[in-house]
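Thanks for coming, everyone. Have a look at it first.

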Amino acid sequence: MTVSRFGVSLDEELLEALDKYVEDNAFANRSRAIRHLIEKNLVEEKWKCDNIVAGAVIIVFNHKKKEILKKSSEIQFEHKEFILSSQGFHLNEKNYMEIIAVKGPSRKLTEISDLLISLKGIEHGKLVMSKAE
């Protein structure tokens, strides 16, 4: 990949915010942070256009609540054409994390993610999408 250089002018407040973003996210330098933000913006634009994207739905819940795993499996089966795979991990004695790999139109993946994350008892949930094409 060819890299091009260009100059950027920012007001002091925005530059401080950029430096904090670099530090908070452990980027090696400002260029990497700006590259990340541009790529993130491009991916989010693809989501809005309902392009085909790939991603992962991550849910964390108390593993003693067995009904969540059952309901998650039912939702995945109902949308099996968009589910690539799923895998679960016991994080500690209480928490279980399920990662569900998905691919399809961004709007549909968001809908599936909302169904999973809104299950009663989900302690944390997030959809991460990336360009697939």
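Start with lysine 120. Is lysine 120 buried or exposed? Its relative accessibility is 78%. The cut-off for exposed is over 50%, so lysine 120 counts as exposed. Keep in mind that this is a predicted model.

Where does lysine 120 sit? Find the loop between helix H4, residues 106-117, and strand S4. Now look from lysine 120 to asparagine 25. They are 95 residues apart along the chain, and their C-alpha atoms are separated by 31 Å. Then try isoleucine 68. Isoleucine 68 and lysine 120 are 52 residues apart in sequence, yet C-alpha to C-alpha they are 7.5 Å apart in space.

Stay with isoleucine 68 for a moment. It belongs to helix H3, residues 66-78. Its relative accessible area is 1%, so isoleucine 68 is buried.

Now the whole chain. It has 4 helices and 4 strands. In sequence order, the pattern reads α-α-β-α-β-β-α-β. The radius of gyration is 18 Å. The globule rule gives 14 Å for 133 residues, and 18 Å is well over that, so the chain is more spread out than a compact globule. Along the principal axes, the C-alpha trace spans about 55 × 35 × 25 Å. As for burial, 26% of the 133 residues count as buried.

Next, the domains. The domain assignment gives domain 1, residues 12-47, and domain 2, residues 52-131. How far apart are the C-alpha centres of domain 1 and domain 2? They lie 27 Å apart.

One reads "domain: Ribbon-helix-helix protein CopG", and UniProt lists residues 5-43 for it. That span is 69% helix and 0% strand. Its end C-alpha atoms lie 22 Å apart. The other UniProt annotation reads "domain: Transcription factor NikR nickel binding C-terminal" and covers residues 54-129. Over residues 54-129 the chain is 33% helix and 47% strand. The end C-alpha atoms of that stretch are 6 Å apart.

Two loop residues are worth a stop. The first stop is alanine 26, in the loop between H1 and H2. What about its phi? Alanine 26 has a positive phi, about 55°, although it is not a glycine. Most residues other than glycine have a negative phi. With a relative accessible area of 67%, alanine 26 is exposed.

The next stop is aspartate 50. Look in the loop between H2 and strand S1, residues 52-62. The relative accessible area of aspartate 50 is 25%, so this residue is partly exposed. Leucine 109 is 59 residues away from aspartate 50 along the chain, and the two C-alpha atoms are separated by 9.7 Å.

Rolling a probe the size of a water molecule over the atoms shows where empty space is left. The largest pocket here has a volume of about 550 Å³. It is lined by 17 residues, and the closest to its centre are Ser4, Phe6, Ser31, Ile34 and Arg35. Which elements give two or more residues to that lining? They are helix H1, residues 12-24, and helix H2, residues 30-48. H2 provides the largest share, with 7 residues. By class, the lining has 10 nonpolar, 3 polar and 4 charged residues.

The second largest pocket has a volume of about 180 Å³. Its lining includes Lys40, Val43, Glu44 and Trp47. Also among the lining residues are Lys126, Leu127, Val128, Met129 and Ser130. H2 and strand S4, residues 122-131, each supply at least two residues. The largest share, 5 residues, comes from S4. By class, this lining has 5 nonpolar, 1 polar and 3 charged residues.

One last question. Why does the second largest pocket lie between domain 1 and domain 2? Because both domains give residues to its lining.

That is the tour. Over to you for questions.

Key. Residues numbered from 1 in each chain as written. Predicted model: local features only at pLDDT ≥ 70, side-chain atom pairs only at ≥ 80, totals over all residues. Heavy atoms only, no water. UniProt positions renumbered as here; feature names shortened; annotations may be inferred. 1 Å grid on protein atoms, 1.4 Å probe; cavity = no way out; pocket = protein on both sides within 12 Å on 5 of 7 lines; lining within 4 Å. Points joined across faces, edges and corners; volume = space filled by probe spheres on them. Nonpolar A, V, L, I, M, F, W, Y, C, P; charged D, E, K, R; others polar. Domains from an automatic or database assignment. Rg over C-alpha atoms; globule rule 2.2 N^0.38 Å. Buried < 20%, exposed > 50% of the residue type's maximum accessible area, 1.4 Å probe, protein only.
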